[in-house]
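Below is a short note on the model, arranged as numbered points. Please read it with the sequence and the structure open.

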Amino acid sequence: MTATVPPPPLLFDQQDTSDIPFVGALLDSMETAACLIDTDERIIGWNRCYEAFFPEHEGQLKRGWSYIDNMRNYFRANAEITDAKLFEETVEAGVARHRNMRDPSLFQKRNGRWLNSRIYWFADGSCLKTWQDVTRQHNRTATDLFMEGTDRGVVLFDANGNFEKANRVMGDIFPRAVDLFHPGTTYLDHLRAYAETTLAPHEAETVARLINRPFPIRTPVARPLQLRRLDGGWLELRERVLFDGSLQTLWLDITTAKALEKSNADLDRLVHELREARQTAEAASAAKSAFLATMSHEIRTPMNGVLGMLGLLRTVPLPAEALDYAETAHQSATALLAIIDDVLDITKLEAGRITLEPLPFRPSELLRSIVALFAPRVAERGVTLRLQTDASLELVYQSDPTRLRQILVNLVGNAVKFTPSGEITICGYTEPAADPAATPDLARLVLEVRDTGIGIPLEQQALIFDRFTQSDQSITRRFGGTGLGLAISRELAQLMGGYISLASAPGEGSTFTVSLPVPKIDAAALEALTNSRKPAPASTLDRPLSILLAEDNEINQRVVIALLRKAGHQVYCVASGRDALEALPEHAFDLVLMDIHMPEMDGLQATRLIRASGKPWARIPIIALTADALDESRQTHLAAGMNDTLAKPIDRDKLLQTLQRWGGKPEAPAAQGADAKPEPARPRFDQARFAELVDTIGRDALPDLIDSVIAAVTERVTDIALHRHAADVRDLHAPAHQLISLFGNFALTRLHDLSRRLASACLAGNRLEVAQLIGELEAQTAADLPLLSEAAQAVTA
Ligand code: ADP
């Protein structure tokens with residue numbers, strides 16, 4: 001039967017007093033831990049529950065074990081104190097509390113259990129210590145629920161600062177002060193212990209200030225107080241005094257939040273620095289734009305003189321050699337101006353300062369004008385230029401035709417440049433927009449420029465769209481160019497909502513494709529649009545204009561006056577905005593050409609005063625003459641009340657177009673243009689044109705001039721006739737070309753047309769046609785040239 005006998009009770013066992021088995025069994029059966037300690041503070045015995053509540057002592061409990069060792073063991077398991085000295089001090093404090101203990105005491109273990117400990121002292125100084133698990137009762141109240149639910153460490157003190165309760169988080173925050181979390185301790189004990197065990201030494205002063213407050217506390221910390229931890233982390237303390245004077249202290253580990261705060265501050269600083277850097281960059285970019293605008297102004301003003309004078313020079317009779325020099329100089333000046341314009345364009349695109357000017361246009365017309373522009377240059381090289389369009393390109397769409405033209409001129413220009421032989425095809429068609437149901441009025445305009453030229457290696461294809469990049473370093477030497485054209489074209493296409501793509505292989509040619517979304521314009525809308533844009537009534541057409549020119553630069557004055565007079569207009573010139581204001585009442589002017597930068601009063605100020613004057617001329621068309629080619633300048637001019645802007649150097653055709661637009665005068669025919677077809681039924685000699693010429697150069701200079709013209713014409717015609725059997729008729733193009741302007745300027749209409757046809761045939765290398773036209777030229781020169789001397793005699797007589 002011995003097998004069924006339960007093991008002897010522990011307490012009893014260890015005491016070796018087998019005469020009281022009943023007491024031992026009783027103690028073991030309790031749910032309260034019990035431990036008997038003798039006068040020398042040695043453990044005499046313990047029950048089963050003690051082992052369950054304090055598993056950290058397992059294997060170490062033995063009779064005669066000192067209570068100090070027991071304490072040590074307890075703190076080792078329940079508080080992480082690494083500092084040996086501090087550890088001993090904590091243990092000693094625990095033992096001292098034990099020695100002085102009379103009342104029950106509540107504390108929480110690391111595992112979250114709340115234990116209520118009591119002590120029973122016997123007369124000989126030995127004692128019985130018991131621990132009851134009161135976790136359930138302890139957690140019952142709402143406050144308890146809050147305390148266990150929050151992520152803050154919470155400790156409650158009564159109005160006198162006596163400890164009431166602490167939650168589990170508090171033990172995590174101050175693991176080395178957990179032994180204080182029981183009644184009998186005060187807030188001051190806690191603060192001291194926190195400072196000693198957990199806080200950084202430099203916080204001692206702050207803690208001292210907290211400690212020095214009398215109870216009940218009237219001055220809880222106003223704002224959350226941040227305290228540094230010994231290990232570098234951060235804690236935050238809040239205090240709340242409740243109505244009964246009791247105190248709630250809340251502790252939060254803010255180490256992570258602080259780290260985030262710091263990285264946020266770092267980020268903020270970075271953002272601030274970046275913003276400043278961007279502002280500096282923008283200011284630099286603005287300064288660059290301003291510099292370029294000034295430069296362009298400074299370069300364009302003298303260029304105005306150069307180009308204007310060269311243009312005039314080409315129209316007067318000169319020895320062949322000098323004419324050639326003038327032609328070359330004119331070409332170089334035009335090329336220089338194109339480079340300045342490219343640099344300006346790319347700067348404006350970079351600064352986002354190009355604004356589009358959407359207008360109705362017919363793509364087919366635009367393409368035809370481009371073909372006409374390049375036809376002579378292409379013919380000169382024996383390359384074929386084709387245009388393929390479908391019917392949809394005859395319809396009207398809306399886009400910025402000037403910018404689209406700029407893109408195409410660049411692409412076709414490149415194709416011509418890089419295609420030594422073969423052909424270039426411009427192909428245009430439209431496609432439905434991406435979502436035709438949603439946008440029925442939108443089409444996609446596709447324009448391809450295909451060439452059979454040198455092609456572009458694959459690895460260069462992405463690069464050539466970058467500014468200042470050419471596919472081959474030797475290209476600059478061979479073909480010239482700045483490497484800006486494609487960069488500008490691509491950015492313009494993107495600005496217009498489209499793109500440019502490229503397919504090419506070395507030796508097999510290239511195809512550049514421009515694809516743009518373009519709204520379709522219906523006929524009625526177009527009508528309304530053109531009516532609203534019509535600047536002058538049709539009745540003002542066909543009459544010479546009376547123009548007031550306000551311009552302070554003498555060379556510019558001479559150029560513009562000569563151009564205007566040549567076109568048959570009357571010009572009255574003043575040198576400042578103020579003089580313009582004074583001149584207006586004196587004469588019924590049709591239009592004002594107004595320089596912007598003038599002394600005394602600039603063009604903008606003068607325009608504002610004219611517009612505000614309420615006088616009959618308050619609505620007179622005013623055209624700005626400016627060397628600032630930037631878009632924002634144009635906006636400023638329009639805002640001041642000007643109607644249009646003409647960029648210097650003044651381009652003759654643009655000037656005449658603008659005059660026609662605002663003054664109703666029909667545009668004079670261009671002096672040259674290889675695309676024009678001979679017009680039949682024109683008089684051999686244009687009397688009106690001759691009258692304009694006399695007006696421009698004056699009666700006195702006429703006889704000399706006519707003599708030189710007759711000499712120059714005779715010399716060139718003889719020269720051409722002598723070389724009619726030349727091996728390469730293209731050599732005859734230069735003298736034939738010179739004849740065009742000579743005949744054109746001196747009213748010899750029929751000869752003018754004939755010389756144009758001859759120049760084209762020479763370019764095309766068509767020997768048969770050249771031979772035939774030379775025959776005609778000789779005969780007609782003999783017949784028509786005397787008309788010029790007769791007219792001159794009639795005038796001078
Ligand atoms: P630019 O022609 O003024 O040098 P672009 O930006 O217009 O500048 O062109 C950049 C480079 O792209 C050219 O120098 C050339 O190397 C290459 N390229 C452009 N178009 C063609 C083409 N049609 N065929 C061959 N190479 C081309």
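Is E600 buried or exposed?

1. E600 is exposed, because its relative accessible area is 62%. Here buried means under 20% relative accessible area, exposed over 50%, and partly exposed in between, with a 1.4 Å probe and protein chains only. E600 sits in the loop between β20 (591-595) and α21 (603-612). Its phi is positive, about 70°, although E600 is not a glycine.

2. On the basis of the note: this is a predicted model, in which local features need pLDDT of at least 70 and side-chain atom pairs count only at pLDDT 80 or more, while totals for chains, interfaces and linings use all residues. Residues are numbered from 1 along each chain as its sequence is written, and side-chain values use heavy atoms, with hydrogens and water left out.

3. On the chain as a whole: its secondary structure comes to 28 helices and 22 strands. Helices (H or I, at least four residues) and strands (E, at least two) are DSSP runs, numbered from the N terminus. Of the 797 residues, 46% count as buried. Among contacts with a separation of 6 or more, 62% are between residues 24 or more positions apart; contact means heavy atoms within 4.5 Å.

4. On the sheet: five strands form an open sheet in the order β2-β1-β5-β4-β3, with antiparallel pairing. Two strands pair if DSSP finds at least two bridges between them. At the edges are β2 (43-46) and β3 (105-108), each of which pairs on one side only. Neighbouring strands are turned against each other by 25° on average, direction ignored.

5. On two of the strand pairs: β4 (residues 114-121) and β5 (residues 127-133) run antiparallel and are joined by seven bridges. R118 has T130 in β5 as its bridge partner. Between β1 and β2, also antiparallel, there are three bridges, and L36 has G45 in β2 as its bridge partner.

6. On the turn between β1 and β2: the hairpin has five residues between the strands, and E41 takes a positive phi near 60° there. E41 counts as buried because its relative accessibility is 19%. Most residues other than glycine have a negative phi, and most peptide bonds are trans.

7. On helix α5 (residues 84-100): this helix lies across β1 (33-37), β4 and β5, and runs at about 55° to β4. Axes are lines fitted to C-alpha atoms, for helices over the stretch in contact, and angles run from 0 to 180 degrees between N-to-C directions.

8. What is the angle between α4 and α5? Helix α4 (residues 67-78) packs against α5 at about 125°, with the axes 9 Å apart. The two helices are therefore oblique to each other. Angles under 35 degrees count as roughly parallel, over 145 as roughly antiparallel, 65 to 115 as roughly perpendicular, and the rest as oblique. The crossing of α4 past α5 is right-handed; a crossing is right-handed if the near helix is turned clockwise from the far one by less than a right angle, and left-handed if anticlockwise.

9. On the residues of that contact: α4 contributes Y67, I68, M71, R72, F75 and R76, which meet F87, E88, T90, V91, G94, V95, R97 and H98 in α5. By class they divide into seven nonpolar, three polar and four charged. Ala, Val, Leu, Ile, Met, Phe, Trp, Tyr, Cys and Pro count as nonpolar, Asp, Glu, Lys and Arg as charged, and the others, Gly among them, as polar.

10. On α9 and α10: helix α9 (residues 187-197) packs with helix α10 (residues 204-211) at about 175°, their axes 10 Å apart. These two helices are therefore roughly antiparallel. From α9, L188, L191, R192 and A195 meet V207, L210 and I211 in α10. This contact has six nonpolar residues, no polar ones and one charged.

11. On H190: this residue is in helix α9. H190 counts as buried because its relative accessibility is 0%. Leaving aside neighbours within four places in sequence, H190 is in contact with V155, F157, F163, L180, F181 and T185.

12. On a cis peptide: the bond joining F215 and P216 is cis, with omega about -10°. P216 lies in the loop between α10 and β8 (225-228).
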